[in-house]
Amino acid sequence: MATASGTVGPSTASPSHVVATGAPDRPLRSSIRSAWSEARPAVQIIFQLRIIAVVAVASLDSGAVPRWTAVALCCAGWLCITWSIYLLNGLADRVEDRLNGSTRPLAQGTLDAGLARQLVPVLACAGVILCASPADLSWCRRSSWSPSAFCTPPGPRR
């Protein structure tokens with residue numbers, strides 16, 4: 001860092017003023033907002049609409065009355081699962097996304113990769129628990145496992 005005399009000397013800035021790429025010192029609320037942005041909110045809304053459409057079609061049967069609490073739990077669980085998958089995908093594609101000029105938070109470094117790594121299992125477990133709660137929505141439990149096959153390839157990436 002240049003001093004008043006123009007020479008280069010040690011930095012006098014305190015470490016609390018230094019924010020590294022990935023912004024580990026960002027407030028949690030801001031980091032969660034970035035993680036949500038990484039999950040592509042418009043796509044998440046479409047996922048939720050699909051679940052509600054299935055419930056609506058199933059409700060056309062005269063004897064079927066949906067249990068809305070169970071539907072809400074399934075929607076929340078599915079949201080957690082798909083959110084975790086998008087974070088995992090963002091972590092796996094971070095280098096390529098940076099090279100391609102992606103505006104996603106992990107690629108830009110506005111979402112700390114360490115926080116994303118911590119959120120993935122938390123969201124996935126919460127999603128499985130929420131989807132496994134309502135016994136009468138077994139289709140939700142079965143389908144919650146299938147997207148994990150699309151997250152990462154079984155072998156090394158090319």
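What share of the 158 residues in the protein is buried? In this predicted model, buried residues make up 33% of the 158 residues. The secondary structure comes to seven helices and zero strands, and the pattern read along the sequence is α-α-α-α-α-α-α.

**Overall contacts and surface**
- Of the contacts in the protein between residues at least 6 apart in sequence, 70% join residues that are at least 24 apart.
- The protein exposes about 9900 Å², and carbon and sulfur atoms supply 65% of that area.

**The largest nonpolar core**
- This core has 21 residues, among which Leu 87 and Leu 111 touch the most other members.
- Helix 2 (41–58), helix 3 (68–92) and helix 6 (113–132) each supply at least two residues of the core, and helix 3 gives the most, with eight residues.
- Leaving aside residues up to four places away in sequence, Leu 87 touches Ala 35, Glu 38, Leu 106, Leu 111, Ala 116, Leu 119, Val 120 and Leu 123.

**Aromatic pairs**
- The count comes to two aromatic pairs, one of which joins Trp 36 and Trp 83 edge-to-face, with 5.2 Å centre to centre and 75° between the planes.
- Trp 36 lies in helix 1 (residues 28–38) and Trp 83 in helix 3, so this pair ties together parts that are 47 residues apart in sequence.
- Trp 36 counts as partly exposed at 28% relative accessibility, whereas Trp 83 is buried, with a relative accessible area of 13%.
- The rings of Phe 47 and Tyr 86 have centres 6.5 Å apart and planes at 55°, so that pair is tilted.
- Phe 47 in helix 2 and Tyr 86 in helix 3 are 39 residues apart, and their pair links distant parts of the chain.
- Phe 47 is buried at a relative accessible area of 16%, and Tyr 86 is buried at 19%.

Conventions
Residues are numbered from 1 along each chain as its sequence is written. This is a predicted model: local features need pLDDT of at least 70, side-chain atom pairs count only at pLDDT 80 or more; totals for chains, interfaces and linings use all residues. Side-chain values use heavy atoms; hydrogens and water are left out. A nonpolar core is a set of buried Ala, Val, Leu, Ile, Met, Phe, Trp, Tyr and Cys residues joined through side-chain atoms within 4.5 Å. Buried means under 20% relative accessible area, exposed over 50%, partly exposed in between (1.4 Å probe, protein chains only). Helices (H or I, at least four residues) and strands (E, at least two) are DSSP runs, numbered from the N terminus. Contact means heavy atoms within 4.5 Å. Accessible areas come from the Shrake-Rupley method with a 1.4 Å probe; for residues, only the protein chains shown count as cover. Rings of Phe, Tyr and Trp (its six-membered ring) pair if their centres lie within 6.5 Å; planes under 30 degrees apart count as stacked, over 60 as edge-to-face and the rest as tilted.
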